[in-house]
Amino acid sequence: MKVVNLLRRAMHNSDSSAQSLTEILAGIANQSDLLNRRFEAVIAGLIAIDQKLSELVQLQGSQAKLTARLIGSFARGESPPIGYVPEEAIAKYPVVVSPICDIPYPVVDLALLDLLPAVASSPELAAASEFFLHNAAATRSLVSALSHALLYALVRNLLPEHVIEIGTYMAGTSEAICRALERNGKGVLHTTDPFGERAPAVLSQWPSELRRHIRFYALDSMQFFSEITKQRDTRADLVFVDGNHEYESAAFDIGSAARILRPGGFIVVDNVSQAGPFLAARDFLALNPQWTECRVTNHPYDATKAFDSERSNIPGTDFIVVRGPANYAVGDRPVTFGEFPLRSTGFGEIVVLVADQVCDGTLYVQGVLRGFSSHQEPVEQVNSTSRTLSAADAGAELRIVLPMDVGSGFDIARLEIWLTWTGAIALLIRQPPSVVS
Ligand SMILES: C[S@@+](CC[C@H](N)C(=O)[O-])C[C@H]1O[C@@H](n2cnc3c(N)ncnc32)[C@H](O)[C@@H]1O
């Protein structure tokens, strides 16, 4: 009877068919030989259905189903079973993975803003670069061995919980990052690429020690950032921007990366020899003066060249590396840290943690609260207040009264907090503002 129920479940829910098949096989092993023979034909039919479904998913060009399986699996901290990626894809992209080992890296003082010259001239970085030059994954990446060594060194030093890569391609750079996470003994790389079957096929062949440090999303960067910002706790220490190289896409990726970055984190922008990523990084730095460009050399910008292979100020790479301020900065342009769901339909106070230094000025706070329900139209409320601050508020936890409530009858309330500051220098805050009910 148990086996029959399992079969019914498998027929009705194609998503769980692979898992159900495993359970069926386990169940059948305990049945009599007679039962085994009876079910043989049914199982063969189910396997054929499962194969057809995989083909259909591919034919539609949609990786959504595949991604859901991979994410679900990784989210439980497991390696994805090989069966989750079509066998043809694996056969098309067979990979060799070099053994996991210690790779030298320079230990740096992260408090130093100008840390790249010391990193670049260190013998450890040269040794790491030598490793990545001969790493089997070198043929699966579009960046140099030195670029891998630099990213490896950054991840080893940052000890991040989360790293993000936009543009996985064949996961060559993902591997360099995951090698560092594996040695750190913690951390997850969230990597996204909307095209093709390449990345899942490659990842399914990685050893489990590396796979447990990666989550692959078959999404474009816009969908990806929308998803990842819903996980409020996922703030990255490093974002590698290497997706679509059009100016608008690169600008979006850099701006979105900045919003999800932890204070003092790094955004590494690849392919700055191309005008799109280069101008996007440059415009970002111009708009955000609290951010620093980390460089080794100081080539002046040749405005007559759209494409310039000599442009990067980190020789041996095609990178611009920008680093966020040690605290979140609020200036005279309204800033938000994104919309987030509330536990109830309203709240009473906004909490702002001020950094150790503050000048005289006024902090303007606006809440935009939206209520959603399955049985009535959505509502939007806006409420505003302000607080004058002085040096005496340095390090304070400000509790700013701003009561808002969409009222009962709404299933979900989502809040956007906007901050604006008028002071001689930017107001630094220690973390994104939160609420007290
Ligand atoms: C230069 S390759 C990435 C190379 C990879 N990071 C490496 O170091 O080996 C660019 C990748 O970005 C992907 N891509 C293109 N548009 C994208 C988008 N809007 N969002 C995310 N990835 C995108 C492409 O499919 C391609 O695989």
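The model is predicted, so please note its ground rules: local features need pLDDT of at least 70, side-chain atom pairs count only at pLDDT 80 or more, and totals for chains, interfaces and linings use all residues. Residues are numbered from 1 along each chain as its sequence is written, and side-chain values use heavy atoms, with hydrogens and water left out.

**The seven-stranded sheet**

- Seven strands make an open, mixed sheet in the order β3-β2-β1-β4-β5-β7-β6; strands here are DSSP runs (E, at least two residues), numbered from the N terminus, and two of them pair if DSSP finds at least two bridges between them.
- At the edges are β3 (214–217) and β6 (292–294), each pairing on one side only.
- From one strand to the next, the twist averages 20 degrees, using axes fitted to C-alpha atoms and angles that run from 0 to 180 degrees between N-to-C directions.
- Strand β1 (residues 162–166) runs parallel to β4 (residues 236–241), and four bridges join them.
- Within this pair, isoleucine 164 stands opposite valine 239 of β4.

**The three-stranded sheet**

- A second open sheet has three strands in the order β14-β11-β17, with antiparallel pairing.
- Its edge strands are β14 (397–405) and β17 (434–436), and each pairs on one side only.
- Neighbouring strands of this sheet are turned by 35 degrees against each other on average, direction ignored.
- Strand β11 (residues 346–353) is joined to β14 by seven bridges, and the two run antiparallel.
- Here glycine 346 stands opposite aspartate 405 in β14.

**The ligand site**

- The ligand is surrounded by 21 residues, counted when a heavy atom lies within 4 Å of it; the closest are Gly167, Thr173, Asp193, Ser221 and Asp242.
  - The side chain of aspartate 193 places an N or O atom 2.5 Å from a ligand oxygen.
  - Aspartate 242 has a polar side-chain atom 2.8 Å from a nitrogen atom of the ligand.
  - Tyrosine 169 has a backbone N or O atom 3.4 Å from an oxygen atom of the ligand.
- Taken alone, the ligand exposes 600 Å², and the protein buries 89% of that; these areas come from the Shrake-Rupley method with a 1.4 Å probe.

Key. Polar contact = N/O pair within 3.5 Å; in protein donor to acceptor, adjacent residues only side chain to side chain.
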